[in-house]
Structure formats: structure tokens, C-alpha cells
Amino acid sequence: MTSIFTRIVAREIPAEIVFENDRVIAFKDIAPQAPVHLLVVPKTEEYENVAQLAEGDPALLAELVATASALAAEHANGEYRLIFNSGPSAGQTVFHVHAHVLSGHITEGSLGF
Ligand code: AMP
């Protein structure tokens, strides 16, 4: 099944893309929960959640984290909250692994959404 993020990679649906290389894409979340709210996504949709990614391609997970950190420095002050929702009851709605990067001035409560 083609995920909504794969469709963003393919430019089938628009997004505000802020970073892209051969393995990773990052774009602004359509419903931001903080002044800076980016999604950092592996281009492959092979991994549904962060545990699968960690087991299947730890280097790609490390690349997501490094990208998140660099983008938080570029878009805010370099401090950030990194969230991987895993499973519907944890708030996951897109089953193509992605990191939420929340930065800027984060108010308490933006963990759960
Ligand atoms: P999650 O609930 O952890 O699976 O996160 C999915 C995120 O994708 C949510 O924060 C949505 O706001 C975001 N989202 C869904 N569709 C789009 C889109 N077309 N462009 C940007 N962000 C999106």
C-alpha cells in the first residue's frame, strides 16, 4: 500500500519540503503542534514504526536522528523534542515510520496529540 508520505516523496501531493536526500525527506507537519513541527521520514515505507526501523536498518534510524537535530538547529535553537508514535493507541495515524521534530517554544502538553 502506498502511504501518504510515499506520495509526498513522489510529489503526488504537495508538502513544504525542508530537506531531502536519497534516503530521507523532511517536511512541515500539516497540523503543527509547536512553532516548529517537522516530520523526518525515510523514503522507504518498508518500516511501519521505529522499532522495526531500528531492527531493520539502524543506520537509517541514526540518519533520521541526525537530520532531526540539524533541522532543529536550522529552524529553531537546536533544542527539540523527538517523537515516534508507535501504534494507534499511541496516536499513530500514518504507518510509515516518521519522527516528529517539535522545536521553538514548546508548551507542556504537546507530547500527546
Ligand atoms: P502520526 O499521528 O504520528 O502517525 O503522525 C502523522 C502526522 O502526519 C500528523 O501529525 C499529521 O498532521 C501529519 N500529516 C498528515 N498528512 C500530512 C500531509 N499531507 N502533509 C504534512 N503532514 C501531514
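Predicted model: local features only at pLDDT ≥ 70, side-chain atom pairs only at ≥ 80, totals over all residues.
Strand β5 covers residues 99–103, and five of its five residues are buried, so the strand is largely enclosed by the rest of the structure. In a regular strand the side chains alternate between the two faces of the sheet. In β5, A99, V101 and S103 point one way while H100 and L102 point the other way, and all of these residues are buried.

Two strands that pair with β5 can be followed residue by residue. Strand β3, residues 36–42, is joined to β5 by five bridges, and the two run antiparallel; within this pairing, V40 stands opposite A99. Strand β4, residues 80–83, also runs antiparallel to β5 and is joined to it by four bridges, with I83 having H100 as its bridge partner.

## The ligand and its surroundings

The space taken by the ligand is the largest pocket of the model. The ligand is surrounded by 16 residues, of which the closest are D29, N85, G91, T93 and H100. Helix α1 (4–9) and strand β2 (24–28) each supply at least two residues of the shell around the ligand, and the largest share of that shell, three residues, comes from α1.

A polar atom in the side chain of D29 lies 2.5 Å from an oxygen atom of the ligand, and an N or O atom in the side chain of H100 is 2.8 Å from an oxygen atom of the ligand.

## Strands β1 and β2

Strand β2, which contributes to the shell around the ligand, is paired with strand β1, residues 17–20, through three bridges, and these two strands run antiparallel. F19 stands opposite A26 of β2, and a hairpin of three residues joins β1 to β2.

H37 has its place in strand β3, and with 4% relative accessibility it counts as buried, since buried means under 20%. Its side chain is joined to that of H100 by a polar contact of 2.9 Å; H100 is also one of the residues closest to the ligand.

H105, by contrast, lies in the segment after β5, and its relative accessibility of 68% is the reason that H105 counts as exposed. H105 and P35 are 70 residues apart in sequence, yet their C-alpha atoms are 6.4 Å apart in space.

Most residues other than glycine have a negative phi. R11 is found in the loop between α1 and β1, where it is partly exposed, with a relative accessible area of 48%.

Notes. Residues numbered from 1 in each chain as written. Heavy atoms only, no water. Buried < 20%, exposed > 50% of the residue type's maximum accessible area, 1.4 Å probe, protein only. Pairing = 2+ DSSP bridges. Near = heavy atom within 4 Å. Polar contact = N/O pair within 3.5 Å; in protein donor to acceptor, adjacent residues only side chain to side chain. 1 Å grid on protein atoms, 1.4 Å probe; cavity = no way out; pocket = protein on both sides within 12 Å on 5 of 7 lines; lining within 4 Å. Sits in = over half its atoms within 2 Å of the grid points.
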